Amino acid sequence: MTDPVPIAALQDKEPSAPPASKWKDVWAQFSKHKGALLGGGFLVFITLAVLVGPWVWPLDPQALDIRNKDLRPIYTALWDGEAKVSWGHPFGTDNLGRDQLAQMIYGGRASMAVGWAAMVLSLLIGTGIGVIAGFFRRLDGPLMRLTDLFLSLPILPLLLVAVTLFRQPLRANFGPEGGMFILIVTVIGITSWMPTARIVRGDILALKEREFILAARSIGTKPFKIISRHLLPNVLSPIMVSATLGLATAIITESALSFLGVGFPSDFPTWGKMLADAVPRMEEFPERVMLPGIAISLTVLGVNYLGDGLRDALDPRIRGR
Amino acid sequence: MLTFAIRRLVLSVPTLLFISFAIFMLLQLAPGDPMAQVPLTVPPEVKERMRQALGLGEPPLVQYGKWLVQMFWIEPQVLWDHWFGTNYSEGKLRVISWQTRSPVMDIVIQRMPQTLWVVGLSYIVGILIALPIGIYSAYRQYSVFDQAGTFVTMIGFSIPPFFTGPLLIVIFSVQLGWFPSIYDTTLVVDSWADFKSQLQQMIMPVMVLALQTTAQISRYMRASMLDNLNQDYVRTARAKGLSEAVVVMVHVLRNSMIPVVTVIALGVPAIFGGAIITENVFKVNGIGQLLITALFANDLPMVMTLTFIFAFLIVMFNLIADILYGVLDPRIRYD
């Protein structure tokens with residue numbers, strides 16, 4: 001008796017490589033998007049730069065060096081031999097002799113901290129409301145009406161109103177910088193969670209009807225476990241995409257508030273505040289507008305490109321094309 | 001369709017009422033005192049009477065009720081009187097600004113034309129630039145033009161107006177001297193020279209706002225065109241021998257415009273909000289700038305009314321967008 005030889009097409013072949021994991025695929029698609037790589041790289045770079053910057057460049061941004069006021073950045077010497085420059089202050093100094101590079105680093109710290117914190121807060125609120133509205137049918141109606149209501153609020157005017165109104169009490173309780181930080185982060189967070197909530201709710205509604213949720217339910221999984229083990233990992237990609245959008249908007253909103261003069265106190269540098277303070281003398285010192293402006297724009301541009309790449313990479317319909 | 005429109009219109013009333021109530025209660029927490037500027041020599045009882053005259057000192061709910069009556073009953077009467085020469089509103093108290101002691105709506109009406117000119121024109125310019133860019137970059141997807149268009153829209157998204165504004169001022173007002181950096185509202189256009197200077201002073205704020213609009217709308221236009229270009233009816237249209245121009249500009253464009261038109265309607269209130277910053281940069285004395293000055297001067301009736309106007313615009317344009325969507329797209333039925 002010889003073993004029957006199966007037909008060639010029916011023979012089981014060993015897979016040549018282990019199955020690719022999802023995140024490997026995502027990374028493969030993401031790394032094809034040059035803009036996203038550059039943008040993500042720039043975001044990491046600027047975050048690290050403002051974090052470790054004070055150790056590399058230990059000048060105090062508040063230190064007045066009045067003898068060296070109004071220095072130009074070092075690169076102006078390239079085309080203007082007369083310009084007042086100094087290697088001690090590579091980005092120049094402002095009209096009180098404060099070092100611009102140190103101000104940029106500390107300003108970036110404030111802007112990035114507000115951006116990240118507000119983004120995380122708005123994601124938490126948005127995801128929470130979206131999951132609850134999508135999962136518990138009874139709460140869906142009221143929560144979505146609430147979302148609609150928030151969407152029809154005039155955001156920028158309300159931000160201005162809230163910041164001017166609550167500035168005093170919070171400053172009294174948490175100090176001028178801490179109070180302002182809490183206020184701005186909270187206000188941006190509670191006015192920007194709505195898109196996330198809508199997207200998450202839509203996805204949860206669709207996922208809830210799938211068989212794996214039914215299976216989980218049939219073995220007696222508690223709703224909380226279903227949400228944390230089965231639903232949240234599946235809505236991670238839209239959440240990540242809206243996180244990048246949220247970070248970009250939060251940075252721009254904080255700078256806009258500082259620009260309009262309702263942000264952090266006047267001796268506390270942020271990019272928006274530096275830009276606003278430099279506008280009256282921008283004829284003589286255009287770099288004081290350009291440097292913070294470019295910093296804001298590049299960061300936001302990087303974040304937007306990152307979001308674009310993430311959206312492509314996390315979408316299984318686009319991936320692999 | 002009509003019942004849907006009416007139902008939405010009726011539903012927007014409680015929304016607006018709730019929003020106005022929320023704004024009012026928020027403003028009640030304001031720490032400032034409108035009597036802070038009054039000299040100390042004024043005796044306290046006179047101060048108390050002045051406070052009463054401003055409508056303060058009553059419970060917040062009564063104040064809110066009075067604001068509602070003034071806003072929705074007396075102000076329309078004033079408008080009616082103004083149009084038809086009647087005098088229903090004579091002797092009735094209107095919403096009074098604490099800064100100028102004149103009716104809030106009068107000041108808003110004075111400021112409205114500047115905002116409408118700058119914001120409205122910039123929106124139209126932005127749409128006119130955005131549509132061709134969106135159409136062409138979808139038609140030639142991944143071409144050089146498309147990549148460049150994507151880059152420009154990304155920049156439009158990323159560079160905030162408070163940076164583009166000063167940048168344009170440095171380049172065009174300071175270095176080149178082509179345009180004035182401050183918007184002169186007192187300019188009366190009655191000759192060609194005035195018209196030219198009006199154009200010159202409008203071009204920078206309009207372009208700053210138009211960049212933002214262009215970035216958003218051309219993205220939507222491109223995505224919507226891409227959705228439609230691969231549909232079966234496009235292949236049919238090509239197969240029956242229609243010219244490429246007719247296929248793209250008539251068949252595809254008309255179907256792609258449906259979501260874009262709604263996005264355009266939805267974007268109108270947002271651009272009013274965004275104009276706050278641009279008006280501040282170019283010193284246009286429109287309603288955005290009015291809101292900022294009122295906030296700093298602690299002029300609560302003015303802030304209340306202006307914020308409510310912004311909310312009203314948002315609710316109304318949401319409604320318009322919903323109705324437009326139903327009218328334009330026969331597949332959508334709101335029954």
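Okay, let's start with a crossing: in chain B, helices α6(B) and α9(B) cross in a right-handed way. Helices here are DSSP runs of H or I with at least four residues, strands are runs of E with at least two, and both are numbered from the N terminus.

Before I go on, this is a predicted model, so local features need pLDDT of at least 70 and side-chain atom pairs count only at pLDDT 80 or more, while totals for chains, interfaces and linings use all residues. Residues are numbered from 1 along each chain as its sequence is written, and chains are lettered from A and ligands numbered from 1 in the order in which they are written.

Back to the pair. The axes of α6(B), residues 161-175, and α9(B) come within 9 Å and cross at roughly 25 degrees. Axes are lines fitted to C-alpha atoms, for helices over the stretch in contact, with angles from 0 to 180 degrees between N-to-C directions. So these two are roughly parallel; that label covers angles under 35 degrees, with over 145 roughly antiparallel, 65 to 115 roughly perpendicular and the rest oblique.

Who touches whom? Pro161(B), Phe162(B), Gly165(B) and Pro166(B) of α6(B) meet a set in α9(B) including Gly274(B) and Ile277(B). Contact means C-beta atoms, placed from the backbone, within 7 Å.

Now α9(B), residues 244-282, has another partner: α11(B), residues 300-328, at about 175 degrees with the axes 8 Å apart. That makes α9(B) roughly antiparallel to α11(B). This contact has 16 nonpolar, three polar and no charged residues. Nonpolar is Ala, Val, Leu, Ile, Met, Phe, Trp, Tyr, Cys and Pro; charged is Asp, Glu, Lys and Arg; the others, Gly among them, are polar.

What does UniProt say? An unreviewed entry lists "transmembrane region" for residues 115-139, 151-179, 199-217, 258-282 and 302-328 of chain B. Positions there use our numbering, feature names are shortened, and annotations may be inferred rather than shown by experiment. Residues 199-217 of chain B are 100% helix, with end C-alpha atoms 24 Å apart. For residues 151-179 of chain B, it's 79% helix and 27 Å.

Last, the two chains: the contact takes 32 residues from chain A and 34 residues from chain B. On chain A's side, α5(A) gives the largest share, ten residues. That side has 24 nonpolar, seven polar and one charged.

Conventions. A crossing is left-handed if the near helix is turned anticlockwise from the far one by less than a right angle, and right-handed if clockwise.
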